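I opened the coordinates and started a notebook page.

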Amino acid sequence: LHGGVSSGKAESNPVASNFQDNQNTSSKPGFSKALPQGALSSVPGGDSMGFGGMAPAPPPNPGDEINITLEGLDTSLKSPKWQLRKASYLFLHSRLSKINSSGDHPMNRLKGEVVYEKMDQTIPNALKDKNAGALDAALTLSLLYADSCQGACSDGATNQIMTSLLKGTAFSSSRSGTLSSTEELVLKLIEVAPEGSSSIPDIFDLIQEHGLKSRKPKVVLFSAKLILKCVHEFGTGVLPIPKLSSNSETLIAHSNAQAREAGIKLLAEMCRALGSKAPLQRIMDKLKT
């Protein structure tokens, strides 16, 4: 595991505090017994525009109730109602928290199927949710998943999760809480990436392609700040210098002044870490032109 980010578990039951929002987060040997099937407590719910809609969902009908069960999870996760999807993400978060608290499970050693048979596939799909409230719940679930489950450590999972974040609405959100959770999840993916895997280079490749080169200034600036945060948290001993150099070069050539400033800061951090400007002289020369 890579240092730099706390590996503490998320709160065990975020259901009660999260349902007020009506806007669009490996295996221990011998541990295979899932919790008894059952439903979470009911919460208000209603209709929404579903995955394809960007507009805020209408207020839920106080007379409606949402009951999520393990047996009905396949259906509720795909529901066009954002309240059902959000409740499903929180159901899985609560279930995973209970399994974590039921024994001493090493970080990233729990099998996702102990929680839900399609857990590993559910995470990247949940992070594509276009409803803001449901996405925040998906981010909360994904952070605990990355901190607990073996599946989060694979190169393929990292690629899928990052692609969902970048191609979805997480990087372009106007909500500070969503951006904070997104940043925390990316840092966690770097922390849990196995030594020698391609996960970390893949993360920066994807940020370069879909973040720094995005047509949305908001996405570009968030991506730039995220890269700087990664450098500050982990240092260049963990992060790939060639990828960071490419990120810096892209930012320095950007038309947005704030993006260019971030590129210069990133370049300065790399020079400081390397103890010399020589390895990055080619990029330094471009600052003079």
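**Entry 1: α11 against α12.** I began with helix α11 (residues 241-252) and α12, whose axes come within 7 Å and cross at roughly 150°. This is a predicted model, and I read it as such. The cut-off for roughly antiparallel is over 145 degrees, so α11 and α12 count as roughly antiparallel to each other. I noted the crossing of α11 and α12 as left-handed. I then listed the contact: α11 brings Ile241, Leu244, Ser245, Asn247, Ser248, Leu251 and Ile252. From α12 come Ala259, Arg260, Ala262, Gly263, Ile264, Leu266, Leu267, Met270 and Leu274.

**Entry 2: α10 against α12.** Next I took α10 and helix α12 (residues 257-274). Their axes come within 9 Å and cross at roughly 15°. Angles under 35 degrees count as roughly parallel, so I logged α10 and α12 as roughly parallel to each other. α10 passes α12 in a left-handed crossing. On the α10 side I found Val220, Leu221, Ala224, Ile227, Leu228, Val231 and His232 in the contact. The α12 side supplies Gln258, Ala259, Ala262, Lys265, Leu266 and Glu269.

**Entry 3: the loop between α10 and α11.** Which residue did I check here? I picked Thr236, which sits in the loop between α10 and α11. Is Thr236 buried or exposed? Its relative accessible area is 18%. Buried means under 20%, so Thr236 is buried. Leaving aside neighbours within four places in sequence, I found Thr236 in contact with Ile241, Leu244 and Ala273.

**Entry 4: the core.** I then asked which residues have the most contacts inside the largest nonpolar core. They are Met119, Met162, Leu165, Phe204 and Leu239, in a core of 74 residues. Helix α10 (residues 217-234) gives the most to this core, with 11 residues. In soluble globular proteins, nonpolar side chains tend to be buried together. I followed up Phe204 and left out residues up to four places away in sequence. Phe204 touches Ile190, Ile227, Cys230, Leu239, Pro240, Lys243, Leu244 and Asn247.

**Entry 5: α5 against α6.** I moved to helix α5 (residues 119-126) and helix α6 (residues 132-148). The axes come within 9 Å and cross at roughly 140°. The contact uses Met119, Asp120, Ile123 and Ala126 of α5. α6 answers with Leu135, Ala138, Leu141, Ser142 and Tyr145.

**Entry 6: Lys188.** I looked up Lys188, which lies in helix α8. Is this lysine buried or exposed? Lys188 has a relative accessible area of 3%, so I noted it as buried. I also looked up Lys188 with Ser142: they are 46 residues apart in sequence and 10.0 Å apart in space, C-alpha to C-alpha.

**Entry 7: Ser172.** Where is Ser172? I located it in the loop between α7 (155-167) and α8 (176-192). Ser172 is buried because its relative accessible area is 18%, under the 20% cut-off. Not counting residues up to four places away in sequence, Ser172 touches Lys216, Lys218 and Val219.

**Entry 8: totals.** I counted 13 helices and 2 strands. Of its 289 residues, 51% count as buried. The protein exposes about 13,100 Å². Carbon and sulfur atoms supply 51% of that area.

Methods. Residues are numbered from 1 along each chain as its sequence is written. This is a predicted model: local features need pLDDT of at least 70, side-chain atom pairs count only at pLDDT 80 or more; totals for chains, interfaces and linings use all residues. Side-chain values use heavy atoms; hydrogens and water are left out. A nonpolar core is a set of buried Ala, Val, Leu, Ile, Met, Phe, Trp, Tyr and Cys residues joined through side-chain atoms within 4.5 Å. Buried means under 20% relative accessible area, exposed over 50%, partly exposed in between (1.4 Å probe, protein chains only). Helices (H or I, at least four residues) and strands (E, at least two) are DSSP runs, numbered from the N terminus. Contact means heavy atoms within 4.5 Å. Accessible areas come from the Shrake-Rupley method with a 1.4 Å probe; for residues, only the protein chains shown count as cover. Axes are lines fitted to C-alpha atoms, for helices over the stretch in contact, and angles run from 0 to 180 degrees between N-to-C directions. Angles under 35 degrees count as roughly parallel, over 145 as roughly antiparallel, 65 to 115 as roughly perpendicular and the rest as oblique. A crossing is left-handed if the near helix is turned anticlockwise from the far one by less than a right angle, and right-handed if clockwise.
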